[in-house]
Every structure is written in C-alpha cells, then in structure tokens.
Amino acid sequence: MALAVRGILRERFYPVVQAKRFRGKINIQRPKPLHFDRAVFTELTKPWYLNPKRLKTPIELCSKPTDKIIEDVDNPYQKIIARELRERFDQSRLIAFYHRNSMNSDQQYKAYVAFIKAKMHIKTYGKKTLEMAVKDTKFEPVLDFYVSQNVMVFSPEPDIKQLLKVTKKFPQMVLLAAIFEGKFISKDEVMELHLIPNLQTAQAALVQTLNSATTTLTQQLNSHQNTLVSNLQERVKQLEEHK
Amino acid sequence: MNIQKLVLTKGSSPLFEFSTKLLSVPAVSVLQSCGMKHFPAPPTYDHVEIPERPKLRFVDKVPYYAPGIKAPKMQKKLRLMRGPEPVHNFLIHKQYGIMALGGGRLKWQHFEMMRLAIGRKIDPQRMFAVWRVDSPWQPLTRKGQGQRMGGGKGAIDHYVTPIKAGRIIVEVGGKCEYKEVEGFLRDVAMKLPFQAMAVSQEIMDKEKKEEEWREKNNQNYYTMKYVMQNNLGGCQRWMSPFDFKFLGKYL
C-alpha cells in the first residue's frame with residue numbers, strides 16, 4: 001500500500017484550468033496596432049453586400065431614373081387655382097379655346113386689352129391645373145386638345161360676333177373649339193352660329209315663315225285693289241304737279 | 001410661378017415586345033413640361049419650450065466636497081471609457097446635439113471651450129443648450145516631474161469626466177433648423193479630445209435604420225461575433241475579457 005501511495009505521489013498532477021491575469025491597460029486615444037492574427041480575423045470578418053445594380057438591365061442603368069423626379073403630391077395653391085377655374089367654367093356662357101402661336105408680349109398685351117374691352121377674360125392655365133379642375137366633370141374632353149401652348153377666353157355673355165371680331169385681329173391665336181351655353185361646339189359650328197342673327201331677329205323670321213301662307217293669300221287677293229289705289233295716287237300727284 | 005421639369009417617358013411597343021428586346025433600341029421620348037411652383041409651409045416649432053436659462057451653465061473645475069473631507073483619490077478605471085454608452089445615447093429634446101464616436105475624457109478646459117463657443121453662437125431668444133454629461137468628478141493624479149517610482153500615489157492634479165462611445169455630450173434645441181446649428185456644433189465636436197460629430201434626431205434615426213439593414217443584408221456569414229462566440233480558429237485564446245463583452249466591435 002505504501003508503494004501505491006508513493007506511486008501516486010510520484011505522478012505529477014497538472015491542473016487543467018490555469019488562472020491568468022489580463023493586463024488590459026489600453027490607450028483609447030492611440031490604440032495599439034492589431035496583432036497579425038487579429039488583423040487577419042478582422043479582415044476576414046469584414047461585411048460585404050450584394051450590388052443592388054446586379055439584376056438591372058443596361059437600359060435601367062443608363063437611362064435617367066424617373067422615380068427621382070418629385071411630383072407635387074399636394075399643392076394647396078394649385079387647388080385654389082383649379083377651383084377658381086372650375087367656377088369660371090360653370091359661370092361663363094361662352095368659353096373659347098385657342099392655340100397660341102408665338103407672339104410678342106406687346107401683341108399678347110394688346111390681345112388681353114382687346115378682350116377686356118369686349119368684356120371677356122383671356123386666361124392661361126397649366127394642364128395639371130386644368131386636369132385638377134375638370135377631371136370627372138362634363139368638361140373633361142377639354143384635356144384632349146390641351147397640348148402645347150393653349151389659351152382660354154371666358155365670356156359671361158354668349159357673344160360670338162365680338163369674339164370673332166377680336167380674334168380676327170390676332171392671327172397667332174388659332175381658334176380650336178368653344179363651349180357655347182354648356183355645349184361643346186367645333187370651329188365650323190362657331191362659324192355657323194356667327195352667321196345666325198340674334199334671338200329676336202330669328203324669332204321674327206320664324207314668325208314670318210309661319211305666317212307666309214296667309215300673307216301671300218291676302219296679298220294675292222288684294223293685288224288688284226292695291227294696283228288701282230297706287231295708280232290713282234300717281235294720277236293725283238301728276239295733276240298737282242301740273243297745277 | 002412655373003418651373004421647368006423634364007419628364008422622361010419610355011416608349012414601348014406592346015405588340016412585338018420580344019423582338020424589340022432583342023434587336024431595336026427602345027425609344028425614350030423627352031417631354032418638357034411646366035409645373036406650378038409649390039412653396040411648402042415652413043416647419044413649426046410650437047411644441048418646443050425654451051427654458052429660462054438658455055445657455056450652458058458653468059461647470060466647476062473641482063467637485064464639491066463637504067468641508068473637512070479630504071478629496072479622495074481614485075483608480076484609473078479605464079473601463080469607464082471603453083465600450084458603448086448604454087444609457088445616455090439618445091437626444092432628450094429630439095433635436096440636435098454632439099455625439100461622441102470614441103471613448104475619452106473631458107477636462108474642465110473642454111467644458112469651458114464648449115460653453116463659450118456654443119454660448120456665443122446660439123440665439124438665446126429662440127435656442128437653448130443643455131449639458132448631457134456630469135461636471136468633472138474623476139480625480140487624476142500626477143507625480144511631480146522627475147519623481148522616481150514609489151513613495152505612494154501621486155497628488156490629485158485635475159478632474160475629468162470619462163466618456164464612452166455613443167454618448168451625447170451636449171444638446172441644442174429651440175426654434176431652429178439643423179442647418180443653423182450644424183456649423184458651430186461641428187466646430188466644437190472637432191475640438192473635443194475624442195472623435196465626435198454633430199447629430200440631429202433624423203441623422204440618428206437614419207443611422208439606426210442603416211445599421212439594421214447592414215446587419216440583415218451582410219452576405220458574410222462569418223461575422224466577428226460569430227467567430228468569437230464559436231471560437232473559430234481558436235480565437236478565444238487571444239481574446240481579452242472586453243472582446244468577450246464587445247465581440248470585436250469596440251476597443
């Protein structure tokens with residue numbers, strides 16, 4: 001037994017865990033250069049990401065991105081202008097749409113003054129404002145010919161004669177169409193309406209046509225009497241002159 | 001008031017799409033369009049309350065001890081500068097401030113520099129500034145010049161405030177925009193003894209989001225965290241206790 005004990009004591013026993021103090025004094029302002037092993041680990045564990053351009057076609061990469069153009073989502077001022085335009089559409093009895101070729105500011109001003117004198121208002125609006133004003137209304141077809149330089153003339157009175165009189169002086173303003181008493185009319189129809197006289201005259205003409213049958217009848221019946229009367233009157237005149 | 005806008009429209013031929021993709025150059029038409037200028041309302045700062053004393057208060061050079069008490073000396077405690085700031089890492093007033101990007105110590109001279117520089121630049125009527133750090137409290141000792149080792153711990157030379165990375169040092173707020181304060185905040189940040197930057201709430205939110213994105217979309221499976229936690233390459237052999245805590249992110 002003593003031999004066994006001695007044998008055990010002779011075997012050196014090394015502990016598995018050894019305490020080791022860590023000298024953690026670092027200079028936070030001037031950090032030590034990394035040990036090679038640590039530097040290798042740092043380099044290998046550096047993050048990398050997939051290129052967002054990898055799945056894009058050359059066209060998408062080379063053309064200008066459309067999503068960068070910021071559209072005004074809510075422009076209160078534009079809403080106000082659109083509302084004003086809508087009111088004008090509802091209140092004016094005659095609205096004329098023009099294409100405006102290039103003209104001097106002087107000419108533009110003269111046109112403005114000429115229309116004002118005829119009690120009409122010449123207005124220029126952007127397509128977006130017009131869209132805001134007339135979308136989902138009966139005036140929506142206006143947007144179809146609102147391409148390039150467009151101008152609108154609003155008149156509270158449906159005075160086509162005056163409108164065409166003023167328009168004639170400015171050849172750069174090309175009449176496209178009009179809205180007369182809430183109805184769309186083309187340029188040809190405007191010309192037709194221009195030839196028609198005013199309401200009273202038209203009514204008088206209608207009355208005349210209605211009465212035409214009776215008037216011709218009375219005329220024919222009274223023709224002989226009328227000729228006799230006129231001849232006698234002539235004779236009376238002759239005799240008076242002779243005296 | 002109208003502004004010119006360039007609206008790009010892509011021309012597409014729906015009938016022969018396949019052939020166009022192969023052969024022809026896709027048409028891109030450019031249509032110039034005019035739009036109505038939008039003047040958005042300026043931001044309101046009605047929710048911001050300006051305190052009575054808008055400027056930074058004076059900080060003491062030496063902390064107050066009751067009379068009769070000898071000023072105690074302290075260990076170096078470098079751990080107070082190491083690692084991320086867990087508590088004071090957000091803006092209270094949610095406006096603008098200076099954030100430390102590294103660890104360090106603020107002396108009284110730094111406090112004075114900040115106080116005077118910011119005090120000069122802010123408009124006290126509509127802006128204010130507050131400290132987000134304590135006045136110097138940690139005593140640093142120094143032995144006399146040429147003294148040999150031994151003879152006890154040196155005498156207290158000055159006091160400092162230890163700062164960790166991510167700490168907010170000073171906050172500026174009021175009825176002002178970031179552009180107004182960015183200039184002088186950055187100047188002050190450059191003068192601090194550690195890396196620092198001028199921040200706003202937006203910047204911090206953006207950075208947080210980007211950090212989340214980076215973590216999520218990192219294609220490298222073997223991050224430092226993974227490597228250290230799983231003892232890849234036997235790295236735990238040379239890792240310090242701070243590495244076990246900060247996993248290689250902080251010094």
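## Exercise 1: the sheet of chain A

In chain A, 5 strands form an open antiparallel sheet in the order β2-β3-β1-β4-β5; the model is a predicted one. Determine which strands of this sheet stand at the edges, how strand β1 is joined to strand β3, and which helices pack on or lie across the strands.

**Solution.** 

Step 1. The edge positions belong to β2 (121-123) and β5 (183-186) of chain A, and because each has a single partner strand, one side of each is left without a neighbour in the sheet. From one strand to the next, the twist averages 25°.

Step 2. Strand β1 (residues 94-100) and strand β3 (residues 150-155) of chain A run antiparallel and are joined by 6 bridges; within this pairing, H99(A) has N150(A) of β3(A) as its bridge partner.

Step 3. Helix α5 (residues 105-117) of chain A packs on the sheet and touches β1, β2, β3 and β4 (173-180) of chain A, with a direction that makes about 140° with that of β2(A). Helix α8 (residues 187-195) of chain A, for its part, lies across β4 and β5 of chain A and runs at about 95° to β5(A).

## Exercise 2: strand pairing in chain B

Work out the strand order of the open sheet in chain B, locate the helices that touch its strands, and then describe how β7(B) pairs with β4 and with β6.

**Solution.** 

Step 1. The open sheet has 4 strands, paired antiparallel in the order β5-β8-β3-β9 (chain B). Here β5 (127-131) and β9 (196-200) of chain B are the edge strands, each with a single partner strand, so one side of each lacks a neighbour in the sheet. The twist in this sheet averages 20° from one strand to the next.

Step 2. Between β5(B) and strand β8 (residues 168-174) of chain B, which run antiparallel, there are 5 bridges, and W131(B) stands opposite V170(B) in β8(B).

Step 3. Helix α2 (residues 108-121) of chain B lies across β5 and β8 of chain B, running at about 170° to β5(B). The sheet is also packed on by α4(B), which touches β3 (96-100), β8 and β9 of chain B and whose direction makes about 100° with that of β9(B).

Step 4. Strand β7 (residues 155-163) of chain B pairs in the antiparallel sense with strand β4 (residues 104-107) of chain B over 4 bridges, where K107(B) has V160(B) as its partner. Strand β6 (residues 138-142) of chain B pairs with β7(B), also in the antiparallel sense, over 5 bridges, and there P139(B) is partnered by Y159(B).

## Exercise 3: the interface

Characterise the interface of chain B and chain A by its buried area, its salt bridge count and the elements that contribute to it on the side of chain B.

**Solution.** 

Step 1. In the interface, 38 residues of chain B are in contact with 32 residues of chain A. The two chains bury about 2,900 Å² between them, 65% of it on carbon and sulfur atoms. Of the area that chain B buries against chain A, M36(B), Q219(B) and W238(B) supply 21%, more than any other three residues.

Step 2. The rule finds 1 salt bridge across the interface; D243(B) and R38(A) meet through their side chains in a salt bridge at 2.6 Å, N to O.

Step 3. On the side of chain B that touches chain A, two or more residues come from each of β1 (2-10), α4 (201-217), α5 (224-229) and α6 (241-246) of chain B, and β1(B) gives the largest share, 5 residues. Sorted by class, that side has 20 nonpolar, 11 polar and 7 charged residues.

Key
Residues numbered from 1 in each chain as written. Chains lettered and ligands numbered in written order. Predicted model: local features only at pLDDT ≥ 70, side-chain atom pairs only at ≥ 80, totals over all residues. Heavy atoms only, no water. Contact = heavy atoms within 4.5 Å. Buried area = accessible area lost by both parts, 1.4 Å probe. Salt bridge = Lys/Arg side-chain N within 4 Å of Asp/Glu carboxyl O. Nonpolar A, V, L, I, M, F, W, Y, C, P; charged D, E, K, R; others polar. Pairing = 2+ DSSP bridges. Axes fitted to C-alpha atoms, helices over the stretch in contact; angles between N-to-C directions.
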